[in-house]
Amino acid sequence: MRSKPRWWLLPFLVLALLLAFLLDLLSGPFPLKLSEVFSSGARKGSVDALVLLEIRLPRSILAGLVGACLGLAGAAMQGLLRNPLAGPGLVGVSNCAALGAVITFYFGFAGLAWYLLPLGGLVGAALGVMLIFFLAGREASVLGLILAGVAINAVASSLISLALNFSENPYAMSEIVYWLLGSVADSSIRDVAIAVPFMFAGWLCLLGSGRFLDALSFGEEGAQSMGFNIGRQRAFIIVGVALTVGAAVSVSGNVGFVGLVVPHLIRPLVGAEPGRLLLPSAIAGAVMVLLADAAVQLLSPQQELKLGVVTALVGGPFFLWLVYRMRHEAV
Amino acid sequence: MIPSVKLDRRCLWLTLLILCYLCGGRTQAAERIVSINLCTDQLLLLLAPVERISSVSFMAANPVYSAYAERVGQIPLNHARVEEIVAFDPDLVLAYELSDRRLVRLLRELGYRVELVPGAKSLEDVATVIAHTAALLQQPAAGAELLAAMDRQLDPGRAAPADPRPLAVIYAPNGYSPGAETLPGAVLEAAGFANLSDRLGNQYGAVIPLEQLLRHQPDLYIIDDQEPNMNSLAQKKLRHPALEKNIAASATARIDGRLWSCPTPMVAQAVAELRDLR
């Protein structure tokens, strides 16, 4: 928090994003013959072109978008709750979004209109944010927040199993892993298309809240004295988190730890203001999920791991270190 | 080479007689039979008269999964729970080789006779399973009749299909594709197709990633999705735009999964349907 913003951060993150995107695009069960793709650009029906355009490109785009949503939502929630442990996964918002998506998807509502699946995720995520806000309180202690998160996560994940159990679909029960650990495997451009409008709207809400979050870091009175309407601004952020997390989870399941880890990595590089954390967290979130997606494809190409396995392998130890450091600082 | 699907009738008759003798000599024909698995349900409905059937599993009455759902009629249904089964006081419980082991052990400890019907990985296995079940039920004539009908439909005198065999893939929800050591794989081979799953070394079947599927460009896609109108991620995978484009450019068939999900005479119909696609 003591450090000054680094001028090179954004160019560096953009470069990392491009490289991670390329790496993810080139990962897969087969090496892609790029010469084949470009030379046959006009020739329809080339397998390499089909694989690149219809399978890998939508998948990588979705991985990047989902990561950006989670990183951004994590940074915004940590600013809103003024709590460094408030990531959407840890406090149960992602699981609530997954519950909303599960109900709309498995009970046939998602087929009625394109927007109903992300809308289900949105409603679930909104309920999750509001619950955590009221349970943990405005001046949430770390312990209060984590306990509320444990409870919300437990209830939401058991309701996901319950909903899947009631679904008549024979495959539903085995898909619980997807919803709890997340994956972008076999995504198509349709998944990208239904999520993008919600994601962009959420990004606008959250990226526009930077100044309010800066003001909020001086406390509610401080923000109020600077002329902010606290209730309205807070609602704005809650809607933004619900839009981004709801849309991301409804097309990729619950990819954990991104929203927790990414803002922590970025914070020392941007200085004390939470508002400055938002955009870099979004880009770094995209990088993290793209790298995780490349990793799941490289580690086990035949039977892919779920994304959440890799992000938790990185995020879990990071979380432990965070807890250790907080205890250490408290002493 | 196509493996011989000819059922050696003399051998089967002999097996039937020996099994009948062994079973018959030991027990009376069961009169209150309970089946707890979709495959044993169907065999029971085919082989035993209704008055000897106390209960079949709820799956047997679902026409999406059971080829003989219309035969269930008023027969009570069970969900393979021990208390339900005990309530019928069965003198024979038919379970599948892979049925819940704890349930089977508990039923046996309670003194019930539980017979495990083996699974089938080939057309010969199907004939053996039918003969074995007919013997358990002491219905040798019904068993022989089914086998003869199946034999006629398989038409063993028919000339072996010419090489090269067209490459086919069975693609089920989740991208699962059965290999040679499975009943659908055996049906595919008997119908004269090469199986992509075998070519990839998946003898028992495995998930074929979408990219791998597209690269091998099979001549025939056989989509095995029994409830295409349901919503699951497993089935969503079958509607991926890249797969749809590729399927549109080659031959495609939808097969009724009931034909080959269990060792019943329906497998002969599956072979006949796929032969027509060659």
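Okay, let's start inside chain A: A:Leu62 is buried, because 23 other C-beta atoms lie within 10 Å. By buried I mean 20 or more other C-beta atoms within 10 Å of a residue's own; exposed is 12 or fewer, partly exposed is in between, and the C-beta atoms are placed from the backbone.

Quick housekeeping. This is a predicted model, where local features need pLDDT of at least 70 and side-chain atom pairs count only at pLDDT 80 or more, while totals for chains, interfaces and linings use all residues. Residues are numbered from 1 along each chain as its sequence is written, and chains are lettered from A and ligands numbered from 1 in the order in which they are written.

Back to A:Leu62, then. This leucine sits in helix H3 of chain A. When I say helix or strand, I mean DSSP runs numbered from the N terminus: H or I with at least four residues for helices, E with at least two for strands. What does A:Leu62 touch, leaving out residues up to four places away in sequence? The answer is A:Val184, A:Ser187, A:Asp191, A:Val192, A:Val251 and A:Ser252. Touching, or contact, means that the C-beta atoms of two residues, placed from the backbone, lie within 7 Å. There's also A:Ala248, 186 residues apart from A:Leu62 along the chain, with 8.6 Å between the two C-alpha atoms.

A:Asp191 from that contact list is also one of the buried residues of H8(A), so let's go to that helix. Helix H8 of chain A covers residues 189-207, and its 19 residues at 1.5 Å each should span 27 Å; the end C-alpha atoms are 25 Å apart, which agrees. That expected span is 1.5 Å times one less than the number of residues. H8(A) does have a kink of about 40 degrees at A:Val196, shortly before the proline A:Pro197. The bend at a residue is the angle between axes fitted to the seven residues ending there and the seven starting there. Among the buried residues of H8(A) are A:Ile194, A:Phe198, A:Met199, A:Trp203 and A:Leu206. And what covers them? The cover includes helices H3 (47-80), H5 (116-136), H11 (230-252) and H13 (274-299) of chain A.

One more stop in chain A. A:Val102 is in helix H4, residues 93-106, and counts as buried because of its 29 C-beta neighbours inside 10 Å. Leaving out residues up to four places away in sequence, A:Val102 touches A:Ile160, A:Ala163, A:Leu164 and A:Trp179. A:Arg325 is another story: 223 residues from A:Val102 in sequence, and 37 Å away in space, C-alpha to C-alpha.

Now chain B. We have 12 helices and 11 strands here, and 46% of the 278 residues count as buried. Of the contacts between residues at least 6 apart in sequence, 61% join residues at least 24 apart.

On to the sheets. How many strands does the open sheet with the order E3-E2-E1-E4-E5 have? There are 5, with parallel pairing. Strands E3 (77-78) and E5 (114-117) of chain B are at the edges with a single partner strand each, so one side of each has no neighbour in the sheet. Pairing needs at least two DSSP bridges between two strands. E1 (33-35) and E4 (92-96) of chain B pair over 3 bridges, and B:Ile33 has B:Leu92 as its bridge partner in E4(B).

There's also an open sheet of 4 strands in chain B, E8-E6-E10-E11, with parallel pairing. Its edge strands are E8 (194-195) and E11 (251-254). E10 (220-223) pairs with E11(B) over 4 bridges, and B:Ile222 stands opposite B:Ala253.

Last up, the chains meeting. The contact takes 19 residues from chain B and 22 from chain A. Which helix gives the most to the chain B side? That's H9(B), with 5 residues.
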